[in-house]
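Student: I would like a close look at a single part of this model, namely the interface between its two chains. Please describe how the chains meet there.

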Amino acid sequence: MKDGRKELRIGLVLTGIVLALTILSIFYTPYHYNQMDKAARFLAPSLRHLFGTDSYGRDIFSRTIYGGRYTLLVAVSTVASCTVIASVLGLISGYVGGIVDEIIMRIIDAISSFPDLLIALIVVTVLNLGQLTIVAALCITFVPSFTRIVRTATLQYKSAEFVKNLRVFGVSDLRILLVHIFPNTFPLLLSTIVIGLSNAILAEAAMSYLGLGIQPPIPSWGRMLQEAQTIVYTAPWAAICPGAMIVVTIAGLNWIGEGLRKLYL
Amino acid sequence: MKYFLRKTLVLVLTIFSISLLTFFAFHIIPGDPASLILGTNATEEQVAALQEQLGTNRPLSEQYISWITGFVRGDFGSSIRYRMPVSELLKGRLPVTLSLGLIALVMILAAGIPLGILAARWRGKPGEKILNILTMLGISVPNFFLCILIMWIFGLILHLFTPGDYVSYTRSLPRFLQSLFWPALSIAIPQTAILVKYIRTAMLEELGEDYVRTARGKGAGETWILYGHVLKNAIVAVVPLIGMILASVLSGSIIIEQVYGIPGMGKLLIGAVTSRDFPLTQTLVIYITVIIVVTNFLVDIVIQVIDPRIRLSGRS
């Protein structure tokens with residue numbers, strides 16, 4: 001019972017740091033994220049450049065905190081759109097049952113037999129690279145697991161006493177579904193959403209690393225890692241800074257997710 | 001036997017739906033492969049001729065049937081980018097990726113199982129906290145970042161290996177395996193952390209079971225309970241994970257091959273995606289997915305043999 005609070009606290013602190021830096025970058029960055037300076041190439045971390053500079057003399061700290069917002073934006077929009085789609089599918093599938101349930105679940109099964117990365121790669125190949133493509137690509141990879149969770153919760157409440165009573169009172173199916181069952185899926189969905197966010201950030205970073213996510217000149221953590229790879233011997237900070245940001249964000253979200261699961265389930 | 005037949009049927013249906021989904025994913029899109037191959041300054045006649053040759057002007061269902069029969073016979077079509085048969089490009093790639101995946105899998109199991117047991121034994125001790133933090137770090141590190149760190153620390157600072165130094169298995173098998181060691185390690189570490197977490201949870205759950213109480217009541221020592229009873233059941237709970245781990249290992253190798261410049265299927269795939277080479281992407285996607293689905297099928301069969309409860313209770 002008491003378990004979970006500690007994880008939640010650690011997670012909130014870590015995620016809080018990342019969020020604070022990201023919000024800070026909206027108002028202030030020490031340098032412009034794309035400002036190049038030939039005289040300041042490969043500078044080691046110092047007071048003038050907190051995390052040093054890269055091969056173009058760009059300030060790593062500014063790029064890292066600036067790049068966070070796109071990664072986070074992609075992750076949030078992915079999880080939000082995925083939650084909406086999965087809620088609709090899961091509620092219908094669980095509540096209607098029968099052939100509809102069968103069709104939806106078999107499609108979900110078929111999609112989830114592909115590894116996540118491959119689905120994302122298919123979507124990116126098929127649609128042209130655009131800022132929205134990465135959201136669509138990641139969204140499809142997460143729909144199966146989200147749908148299953150909503151469906152399970154719906155099934156559980158469909159046969160509950162209070163739902164039977166509501167039906168006796170003549171409440172319409174749509175109202176039962178939206179007003180009475182859907183809110184009950186939230187506790188289950190909550191930890192899934194948090195873990196989904198961390199997975200989305202990881203996936204976005206991987207796609208950007210491969211050059212298939214957020215496109216330059218906008219900096220993103222994955223892209224920065226890819227650029228830092230070739231200069232890692234001369235400027236290891238160029239890789240460590242964005243990499244550490246990813247690790248802190250993911251660990252923070254995972255801890256929150258674990259804490260929530262222990263608290264609510 | 002009935003279980004086996006049902007599983008086989010599911011396997012066949014899954015592979016069928018994989019082929020169907022992949023095919024239609026690549027054919028519902030606007031934009032026509034013929035004009036893609038020929039570029040923007042091709043005449044309409046040229047495009048029409050190539051459409052005829054590729055068969056893209058026929059109805060979708062017909063295209064699917066001719067594509068799938070070709071696929072079964074080993075004819076995967078031609079790559080748009082390399083202008084050569086896909087089967088030619090695939091040659092020699094599969095063993096590379098599979099070896100990389102297999103080495104990573106062995107590492108994961110060899111490190112994950114003992115560490116998981118240790119984590120369960122350390123419950124409530126100070127070592128548990130450290131291990132918990134380490135597993136959380138392991139889960140949170142993207143494999144490509146880990147890869148860069150490994151390259152930097154072990155390759156460039158300690159000079160244990162030369163990054164980008166790849167030896168083909170046709171030249172020297174031991175040196176081939178050696179060159180895959182560090183890439184495999186980058187894939188293995190995050191997955192090991194996940195496995196440790198699962199084994200720990202599974203063992204702690206088993207420790208709360210009635211049979212453990214009975215064994216304690218009969219005077220069995222803690223060591224015997226842990227290794228004689230609990231471990232066996234915990235392993236059974238973990239075997240289904242192997243399929244999932246393999247999927248992550250193969251996804252991981254797609255990225256890691258890119259980092260280390262290993263000429264496997266992953267590197268080919270990323271190249272195909274960036275150049276929008278539909279036939280090549282399509283074939284690789286199906287290849288990798290089928291490997292995973294078949295492994296999952298084999299894992300299911302193995303579990304059923306070692307744990308008859310699954311067959312008897314009919315759950316899958």
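**The interface of chain A and chain B**

Tutor: Over all chains, a search of the whole structure, which is a predicted model, finds 10 salt bridges. Across the interface of chain B and chain A, the rule finds one salt bridge. It joins the side chains of A:Glu258 and B:Lys197, with a distance of 2.5 Å from N to O. The pair crosses between chains: A:Glu258 lies in helix H10 (residues 237-264) of chain A, and B:Lys197 lies in helix H9 (residues 173-207) of chain B.

The interface as a whole takes 37 residues from chain A and 41 residues from chain B. Between them, the two chains bury about 3,500 Å², and 81% of this area is on carbon and sulfur atoms.

The crossing of H4(A) past H14(B) is left-handed. On the side of H4(A), the contact is made by A:Leu118, A:Ile122, A:Thr125 and A:Val126, while H14(B) contributes B:Phe278, B:Thr281, B:Val285, B:Ile288 and B:Thr289. By class, the residues of this contact comprise six nonpolar and three polar, with no charged residue. The salt bridge of the interface, by contrast, pairs B:Lys197 with A:Glu258, in helices H9 of chain B and H10 of chain A.

Technical notes:
Residues are numbered from 1 along each chain as its sequence is written. Chains are lettered from A and ligands numbered from 1 in the order in which they are written. This is a predicted model: local features need pLDDT of at least 70, side-chain atom pairs count only at pLDDT 80 or more; totals for chains, interfaces and linings use all residues. Side-chain values use heavy atoms; hydrogens and water are left out. A crossing is left-handed if the near helix is turned anticlockwise from the far one by less than a right angle, and right-handed if clockwise. Helices (H or I, at least four residues) and strands (E, at least two) are DSSP runs, numbered from the N terminus. Contact means heavy atoms within 4.5 Å. Ala, Val, Leu, Ile, Met, Phe, Trp, Tyr, Cys and Pro count as nonpolar, Asp, Glu, Lys and Arg as charged, and the others, Gly among them, as polar. Buried area is the accessible area (1.4 Å probe) that two parts lose on being put together, summed over both. A salt bridge is a side-chain nitrogen of Lys or Arg within 4 Å of a carboxyl oxygen of Asp or Glu.
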